[in-house]
Amino acid sequence: MRYAMAMDTKKCVGCSDCVVACQTENNVPHGFCRDWIVENVDGTYPNLEMEIRSERCNQCEDTPCVRTCPTGASHIIEGGIVKVTHVECIGCGACIQACPYDARYFHPDGYVDKCTFCDHRVSKGQDTACVAVCPTKCLYFGDLHDENSPVSKILRERKWKVNAPEAGTKPQVYFLI
Amino acid sequence: MKKTSRRDFIKISTLGVGGLTMLNPVLNWVPGFMPKEKTPVDESKAKRFPTFCEVCFWKCAGFTYLNDEGNIQKIVGNDDDPHSNGRFCPRGTGGVGLYYDNDRLKEPLMRVVENGKSVFKPVTWEKALDFIADKMKIIAKKHGPESMALLYHASSGSYFHHMLEAYGTANAAKPSYAQCLGPREAAFVATFGAGLSSPEPTDVKNTKCLVLIGNHVGENMHNGYVQEVSDAIDRGASIITVDPRFSTIASKSKFWLPIKPATDIALLLSWIHVLIYEELYDKKYVEQYAFGFEELKLHVKNYTPEWAYTQTDIRPEDIRNSAYEMAKASPAVIIHPGRHTTWYGDDTQRLRAMAILNALLGSYGRKGGFYFPESKKVPEYPSPAYPHPKWTWKDITKPTYKGAGTGLANDLIKASLPNSESPYKIKGWFVVGTNLLTTVPDKSITLKAIQNLELMVVVDTMPMEITGYADIVLPECTYLERYDDIRSNQHRYPNIALRMPAAEPRWQSKPGWWIAREIGVRLGLQDYFKWTNVEEELDWKFKQMGTSLEEMQKIGVKVYEKHKPLYLADGEEYFFNTNTGKIELYSIDLEEKGYDAMPRYTEHKQPDDQFYRLIYGRAPMHTFGRTVNSPHLSDLMSENTLWVNPSVAKIWDLHNEQYIWLKNQDSVISSFPIKVRITERIRHDSVYMVHGFGKTNDKLSRSYGKGIDDTELITNVKIDPIMGGTGMRENFVTFVTKNPHQKEQNA
Amino acid sequence: MKEELFVSGRNIPFIDPVLHIWHWQIPLYLFVGGLAAGLIFFSTYFYLTGKEKEYPIAVQVAPFLAPIVIVLGLIALLLDLRHPAFFWQLYTTIRFDSPMSWGAWTLGAVMPLSVLWPLSYLTEIRAYFDGKNRYIINLIDWIFKMMKQYWIIEWVYKLSIEYRKPIAIVNMVLSIILGVYTGILLSAFNARPLWNTSLLGPLFLVSGLSTGAAAIMWMAKSHHEKIAFSKIDLILIGVELFFIVHLFMGFLASTAVQQEAAGLFLGGEFTAVFWGFFVVGGLVFPAILEILELYGFKIPISIPAFFILFGGALFRFIMVDAGQITRYLY
């Protein structure tokens, strides 16, 4: 099993529902977030282009965060989801330095926190909170090894890219373009 | 697939020096050693209560979930609800913040004079309600009950409406009419004999071409609408966006027409010209259903794309090509009427032009155009007939604004002014869930009117600008802590939804139905409130509709069978509720009332040198100014920014993130500064900001002083002569880079 | 015009607008790690090559500083942790991929052994400080007193003298690991383009050795020993400069993000502090002073020594700070 997410930049309006749904789902403290919205504008008025992306931990195939963790608190579970065992985390910050996406942060309680692909939901067959809430349905989730999963299907149909592929982490959040 | 797993780690125990590893689970049990982690709610086991959202007027239905501690954790959409389809928007999802906001109104407050200074004193509910009832009795005796008015924009308004009608006044207005969607209602009534109401019956789901005139769907987060637009993008429908700003939806459009502001009617008329003179309109449809085609044809003869170019800055070929795109999709095309349409004062006519375009393209009553909505009638709980008021808002408004469909908030405010010459005078206000000072432009008038009131009651959940002027402030509990009247909005299928409390009201706040009832009882109107608890009333109503409170508490939403078709059948006879029974391209009704029967283009003022048109809009994470203090939503966007074109920024030497003040054409200076965002997304002759920020009530800890309130700078109000709407887009601002309030502070 | 902005979310403390989760603790820790590595390396190396008599200060006295600065480093490291009470989690697992884990274990091993090594020279150290530093004398006397009371301390002391050679070998190996580790710690983070270069390890190792040599040079009594370490330092500085030039050549020939990273030092905000204070103040200037001294000019050795130590510390602060600014996205 290999969980992945695809995000349709053509449909996303940047409403940030994914951000707030994640916060209420996962008790993300105020002032922090596990996912966020980026807007890119290019051109000169009136010849303009804009891309909006909902971003989060890329649940990389090659995980520098897990590799650099000195205690094993950062680890990989079923489906390639990268998680942090809070009680094993000493808060050294190595994994934060190691992440090219800056997807991790220090929780005020001292441990490192990040997107979990809502493993508590997906393990029960539900979508992640962000996917389930998105009003534009621009987020697709599923198992890449299952060719009928929404994410496998959309990646076959559409052109896509990933963020910072040159960082060499094999990110598993795909952006449909 | 190579996968690292925790088993790959070399634990000391395997090296034979165990011990510390064993300590791990032990230490984790030591109480207080680790802060207890909150685990996510298990939806299959958690307690949940149905509700429908109160964060905006779309009123999506969902469920409020409690966590293990029994506190409100999250709100999730109800899959059966056609408004949300199980997906809440960010404001709805962040609605929990409204409940958890500690800045909320906590207890009834009464204005008293202490040491010559007016202050709010906390009082008991008894005292507050007695005071209100006594005052209302005096007003009824002195001026007649008609002189009480209800200004509202909240679900609980319906119980106050009921109470006040029983008391003897029918003067009620929502700012959502004359400050927002009024012009389109008036225009569609004049054209098709029916308004659009909410949610708009636009069949976006099936459209092939969506035309948006300044409508920034996606930034307006009207949930079902946004969802259908997203589906339309998926289906490859073409979108045509007319906007001086490169809005989110403009970036997803096949045609973005960056129009010179205030020239929309020129573009619309030239589109009509192209459709008619290039014979691209739906001939069969127009012939069968429309009235006044020849007059229209003659009327638009000179409105060529070449002429429109001189007004709009949009090239003739772009005008033609976009018109062809619409014609190609006809009748599955929507010239979307939008919602906030009070711009330049000739708004009803602009919306008329849009309605006419829809008629020419044959989209009204057609698949992919406008469908015929249906709603479920909610029966009234048995109570005596209301007393007949001697006069109503119609007597105030209708002589001037003959096309007004409901009460106008701005007109009721004017009727409250001391120098009002009208014989119909308003002496008392109930302000329920609307912050009049930031919703109705030119607040100096509102403030003058307030000074003249004998009673002003504000019912709200949050301290707002308006609460500061009340005689009595009544803290309403949030929608997550109360029952409200049944939601029954139009949609493709008739449907109803229940809102019920998921928690006890915090502090001393109370539900609106309770407040309205208590005042009613004190006014001697017990007969109108024969139920003692709202559950009783709701259950009775639900039972009339073939369900029950008990059932609704489980399902939240009930969808009924349809009784009429969504679309016109091919060649179907259809009676439009207009003078001619047809779609009036030429409006007999408007002509009779003394207005133009067909939309005309008039040039509007353009900004003077060094001034820029103030354009405002929505952000998807906020509703008006009502959510900017919400813990969750202020996290997403805590202040607005001023969009400035790079060429303008260069002239003024502005840089990104710089804070500046604004001064409008009437020399009104903003209370607070705003952060500059230099962006290509806005025209050089305009600036843009999101509405609803710049809160001046310092009780709002997260939003006080953050950004600029655009309403403050809207002092030039262009009144729509037809329906009395307040056009707000003819205001111009210039930049003030040094703190203009510094001097006052020093003095 | 290109525009990139966060619509919502982010603005997370210590991460936005630029990463700043490591403050003074990590660079200090890296500095003292390198310094300790240098001290121990030269001490054990010259002992094992039989030059104890030639360089008595380097072999016998200077390493007493190592355990002291290592303790400082450990304290700094502990202060860096957001969960310091959980530091022991570091020692529940060995993770060869993690430089942090590596470092924790290396320090765990270096700490006792770096005590053991100078312990064997306690008499010599006492002699060096006699009349110079009352506190150190008192401390050493106290240790001797303890030995008389607790046989185990005396036993360890005797052991350290008896097994001087094997202890020296182990210490030398560990010092090299420690020195290399201080550089590898940063270069293991590919996500920070400035650190993402294999030159960083050797550069930190050389810089660490050079600070160690500078400390020895400062303490040395004989002109011979001073000059010897002055020469060693000169060579190390030369190598460092060579590495630095290559570092930037490498960056400029690399990806856009690394060119951007190099830009911080080539016109960017770190230009003045890096080239002015570190390269000139911490390398070139002391090198010139040392050359002048070799040619017989009378220059107090403490001046170049101080500047080298200062430069070494500054270098680490700059690299940690600047490295956190460099990123792939946004």
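Trainee: Where does the second largest pocket lie?
Mentor: Look at who lines it: domain 1 (190-373) and domain 2 (612-746) of chain B both give residues, the domain bounds being from an automatic or database domain assignment. A pocket here is an open set of points on a 1 Å grid over the protein atoms alone, where a 1.4 Å probe fits, with protein on both sides within 12 Å along at least five of seven lines; lining residues have an atom within 4 Å of a point. Because both domains contribute, the pocket lies between domain 1 and domain 2 of chain B.

Trainee: What kind of model is this?
Mentor: Residues are numbered from 1 along each chain as its sequence is written, chains are lettered from A and ligands numbered from 1 in the order in which they are written, and side-chain values use heavy atoms, with hydrogens and water left out. Local features need pLDDT of at least 70, side-chain atom pairs count only at pLDDT 80 or more, totals for chains, interfaces and linings use all residues, and the model is predicted.

Trainee: Which residues are closest to the centre of the second largest pocket?
Mentor: The space in this pocket comes to about 1,500 Å³, a volume being what probe spheres fill when set on grid points joined across faces, edges and corners. There are 49 lining residues, and those closest to the centre are B:Glu657, B:Lys675, C:Leu5, C:Phe6 and C:Val7.

Trainee: Which element gives the largest share of that lining?
Mentor: Elements giving two or more residues include α1 (17-26) of chain A, β23 (674-678) of chain B and β1 (3-8) of chain C. Helices (H or I, at least four residues) and strands (E, at least two) are DSSP runs, numbered from the N terminus. With 6 residues, the largest share belongs to β1(C).

Trainee: How many residues of the lining are charged?
Mentor: Asp, Glu, Lys and Arg count as charged; Ala, Val, Leu, Ile, Met, Phe, Trp, Tyr, Cys and Pro as nonpolar; the others, Gly among them, as polar. The lining has 20 nonpolar and 13 polar residues, and the charged ones number 16.

Trainee: How many disulfides does the structure hold?
Mentor: The rule is a pair of cysteine sulfur atoms within 2.5 Å. Over all chains, the number of disulfides is 0.

Trainee: Which cysteine has the sulfur nearest to that of B:Cys89?
Mentor: B:Cys89 is in no disulfide. At 6.0 Å away, the nearest cysteine sulfur is that of B:Cys56.

Trainee: And how far from B:Cys477 is the nearest cysteine sulfur?
Mentor: B:Cys477 is in no disulfide either. The nearest sulfur belongs to B:Cys53, and the distance is 15 Å.

Trainee: Is B:Cys477 buried or exposed?
Mentor: Buried means under 20% relative accessible area, exposed over 50%, and partly exposed in between (1.4 Å probe, protein chains only). B:Cys477 has 0% relative accessibility, so B:Cys477 counts as buried.

Trainee: What arc do the buried residues of α11(C) cover?
Mentor: In α11 (residues 256-263) of chain C, the buried residues are C:Val257, C:Gln258, C:Ala261 and C:Ala262. They sit on the same side of the helix, while C:Ala256 and C:Glu260 are exposed on the other side. An α-helix has 3.6 residues a turn, so residues three or four places apart point the same way.

Trainee: Which loop holds B:Pro199?
Mentor: The peptide bond from B:Ser198 to B:Pro199 is cis, with omega near -10°. B:Pro199 is in the chain B loop between α7 (175-192) and β9 (209-213).

Trainee: What is omega for the peptide bond from C:Asp16 to C:Pro17?
Mentor: C:Pro17 is in the chain C loop between β1 and α1 (25-48). The bond is cis, with omega near 0°.

Trainee: Is A:Cys118 buried or exposed?
Mentor: A:Cys118 lies in the loop between β7 (112-113) and α4 (119-122) of chain A. Its phi is positive, near 45°, though the residue is not glycine. Relative accessibility is 6%, so A:Cys118 counts as buried.

Key: Arc of directions from axis to C-beta.
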